[in-house]
Amino acid sequence: FWNGAERRDQERVNLVFKARYQLAREASGISLSQHEGLTDNFSSTGLKLIVYERLKIGEKVEMEIEVPPHEILKCKGTVAWVKDLAPEERGREEREKRSFVVGLQFTELSHVSAERLSSFVNEGAPNITASAA
């Protein structure tokens, strides 16, 4: 039973950025399709991602995140949890699409990307959107 108390150890900040991701396939030689999503919030250990396909817990993901001003951050992570996004929680454009919220735990993050994300978390930048950047 959840009592409403925050269980995360790391501070999170709400940041909405465009993201492109693909499922990681080790040495498969298969061309992977890239998908788009939106970040919802970040911490130094992971992020919440809104996507339009159901991912599976434990899947490995490779991702590029567009951050202001015109920078691409690369990371890898593992899907920690997945839930359906209710229609009333979706943006206007996504109302007709089936959407999911995914918790992604970072497994690989370059030093530069980690510092850049950390600066956003530490600055507490509220709701920066990629379209406004």
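Modeller: Happy to! A hairpin joins strand 3 to strand 4 through three residues. Strands here are DSSP E runs of at least two residues, helices are H or I runs of at least four, and both are numbered from the N terminus. Before we go on, this is a predicted model, so local features need pLDDT of at least 70 and side-chain atom pairs count only at pLDDT 80 or more, while totals for chains, interfaces and linings use all residues. Residues are numbered from 1 along each chain as its sequence is written, and side-chain values use heavy atoms, leaving out hydrogens and water.

Biologist: Good to know. Over how many bridges do strand 3 and strand 4 pair?

Modeller: Four, and strand 3 and strand 4 (residues 46–51) pair in the antiparallel sense. Two strands count as paired if DSSP finds at least two bridges between them.

Biologist: Let's zoom in on strand 3. Is threonine 39 buried or exposed?

Modeller: Buried, because its relative accessible area is 1%. The cut-offs are under 20% for buried, over 50% for exposed and partly exposed in between, with a 1.4 Å probe and protein chains only. Threonine 39 lies in strand 3, which covers residues 35–42.

Biologist: What does threonine 39 touch?

Modeller: Setting aside residues up to four places away in sequence, threonine 39 touches Leu15, Val16, Phe17, Ala19, Lys48, Leu49 and Ile65. Contact means heavy atoms within 4.5 Å. A polar atom of the threonine 39 side chain also lies 2.8 Å from the backbone nitrogen of phenylalanine 17.

Biologist: What about leucine 38, buried or partly exposed?

Modeller: Leucine 38 counts as partly exposed, because its relative accessibility is 26%. Beyond its neighbours within four places in sequence, leucine 38 is in contact with Val16, Phe17, Lys18, Lys48, Leu49 and Ile50.

Biologist: Switching topic: how many aromatic pairs does the structure hold?

Modeller: One. The rings of phenylalanine 17 and phenylalanine 42 have centres 5.8 Å apart and planes at 55°, so the pair is tilted. Phenylalanine 17 sits in the loop between strand 1 (13–14) and strand 2 (18–23), phenylalanine 42 is in strand 3, and the pair links these distant parts of the chain, 25 residues apart. For the cut-offs, rings of Phe, Tyr and Trp (its six-membered ring) pair if their centres lie within 6.5 Å; planes under 30 degrees apart are stacked, over 60 edge-to-face, and the rest tilted.

Biologist: Last one: what's in the whole chain?

Modeller: The chain has one helix and seven strands, in the order β-β-β-β-β-β-β-α from the N terminus. Of its 133 residues, 34% count as buried. Among contacts between residues at least 6 apart in sequence, 61% join residues at least 24 apart.

Methods
A polar contact is a pair of N or O atoms within 3.5 Å; within protein, one must be able to donate a hydrogen and the other to accept it, and residues adjacent in sequence count only if both atoms are side-chain atoms.
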